[in-house]
Amino acid sequence: MTALAIIGCILLVGLVIYQIARINEIIKRIKGEETAFLQSNNNTAIAVLVFGFLLLFLTIYTSYYYKNRMFGYGPMLSASEHGKLIDHSMNTMLILTGIVYVITHILLFYFSYRYRYQKGKKAWFYPHNNKLEMVWTLTPFFVLAFLAIEGLMVWNKMMADVKPNDKYVEFEVTGMQFAWLVRYPGVDGKLGTRDFKLISGTNDLGQDWNDPKNWDDFKPDEIVLPKGKKVRVRITSRDVLHSFFLPHFRVKMDAVPGMPTYFIFTPSMTTEEYKNNLKKYPEWNVPADPSDPESKMKWETFTFELACAELCGDSHFAMRRPVRVVTPEQYDAWVKSQQSYYLANVRGNDDDPNKGKSIKINGVVNNGPAAAADSGSETKTDSTKAE
Ligand SMILES: [Cu+2]
């Protein structure tokens with residue numbers, strides 16, 4: 001129905017333009033070429049002026065109207081520390097370019113009106129002025145240099161890698177068509193080594209099970225982060241280009257096959273805190289499901305999310321993953337509650353190079369299910385969970 005109405009509108013506008021053109025033709029015939037030309041020229045000049053101001057008004061009005069939906073404004077605060085720097089940079093840029101936009105926009109449309117064709121008026125020949133050339137070369141130069149230097153300073157602060165003595169939480173995401181494989185290092189805090197040649201049905205990351213660091217790594221469905229702690233994400237890809245995008249944290253980094261990348265950031269708000277801030281805005285105090293007035297409020301259903309920001313194939317959209325930020329205590333408890341992928345899926349299988357051997361995971365002896373069953377003696381019940 002709407003589509004039909006739009007097509008109808010377009011046809012009508014076309015008809016109006018056609019009729020105006022025809023009327024102009026008729027006027028030309030009645031009044032003579034020149035008068036008709038002058039009149040039509042004047043009308044166009046005024047129309048252009050009106051269009052210019054309308055465009056300016058709409059630009060400013062819609063920017064203001066939608067500002068609470070844009071990152072960096074209203075409820076869309078940055079949930080990470082470096083994000084505030086990015087938002088600040090963006091605002092500086094917006095203000096500077098905004099001023100230039102308004103001035104040049106007004107001048108452009110006003111001049112096209114002021115200097116329209118008028119009978120007997122001759123253009124003023126003004127070919128060169130050194131002073132003017134200097135002004136309009138140097139002003140943009142200094143403004144752009146300022147923006148570039150400011151941006152570079154923010155960039156350097158954001159992209160600096162961790163130093164050897166830094167304390168940080170590390171985890172890994174691997175993009176693939178069409179999911180993110182998330183891996184946390186377990187209680188030892190160290191991610192195990194990987195080799196693409198080891199990738200198999202039960203080992204989608206190619207983890208090397210000979211490496212003890214792999215034994216307690218776990219692969220959760222959601223990403224959980226501690227508030228106020230430095231987080232380092234290792235980002236890789238298994239097939240094509242993907243992009244690790246956490247919009248609320250102003251984190252975005254490409255996942256490139258064969259070239260690990262990383263991003264370091266510090267979450268500054270927990271999910272609960274972010275929700276409580278959303279609650280203050282009327283647009284978030286509406287039922288999450290518009291067809292069901294009884295459903296939860298929109299702010300209650302909010303969750304941070306990870307998206308793929310590189311169009312990577314036909315199910316690109318399916319790469320959404322929820323992200324939850326909790327307090328450091330809750331985070332530690334969550335890490336402890338997770339089950340090691342190796343112990344749950346590999347230990348004792350034919351893929352397990354340590355099958356039948358006794359190993360020590362974070363100080364706890366593990367004989368594996370097979371060994372325990374075979375030997376029958378010293379049956380250490382599977383208290384294998386990493387402590
Ligand atoms: Cu993707």
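Me: Before we get to the sheet, what does it take for two strands to pair?
Reply: Two strands pair if DSSP finds at least two bridges between them, and in this predicted model that criterion gives an open sheet of five strands, in the order β3-β9-β8-β5-β6, with mixed pairing.

Me: Ok, and which strands are at the edges?
Reply: The edge strands are β3, residues 223-226, and β6, residues 251-255, each of which pairs on one side only.

Me: How much are neighbours turned against each other?
Reply: On average, neighbouring strands of this sheet are turned by 25° against each other, if direction is ignored.

Me: Back to β6, in which sense does β5 pair with it, parallel or antiparallel?
Reply: Strand β5, which covers residues 242-246, pairs with β6 in the antiparallel sense over five bridges, and His-242 stands opposite Ala-255 in β6.

Me: What lies across β3 and β9?
Reply: That is helix α6, residues 328-337, which lies across β3 and β9 (321-326) and runs at about 140° to β3.

Me: Switching topic, how do α1 and α2 pack?
Reply: Helix α1 (residues 2-31) and helix α2 (residues 33-65) pack at an angle of about 140°, with their axes 6 Å apart. Angles over 145 degrees would count as roughly antiparallel, so α1 is oblique to α2.

Me: Which residues meet there?
Reply: From α1 there are Asn-24, Ile-27, Lys-28 and Lys-31, and they meet Glu-33, Thr-35, Ala-36 and Ser-40 in α2.

Me: And what classes are those?
Reply: The contact of α1 with α2 has two nonpolar residues, three polar ones and three charged ones.

Note on methods: Residues are numbered from 1 along each chain as its sequence is written. This is a predicted model: local features need pLDDT of at least 70, side-chain atom pairs count only at pLDDT 80 or more; totals for chains, interfaces and linings use all residues. Axes are lines fitted to C-alpha atoms, for helices over the stretch in contact, and angles run from 0 to 180 degrees between N-to-C directions. Helices (H or I, at least four residues) and strands (E, at least two) are DSSP runs, numbered from the N terminus. Angles under 35 degrees count as roughly parallel, over 145 as roughly antiparallel, 65 to 115 as roughly perpendicular and the rest as oblique. Two residues are in contact if their C-beta atoms, placed from the backbone, lie within 7 Å. Ala, Val, Leu, Ile, Met, Phe, Trp, Tyr, Cys and Pro count as nonpolar, Asp, Glu, Lys and Arg as charged, and the others, Gly among them, as polar.
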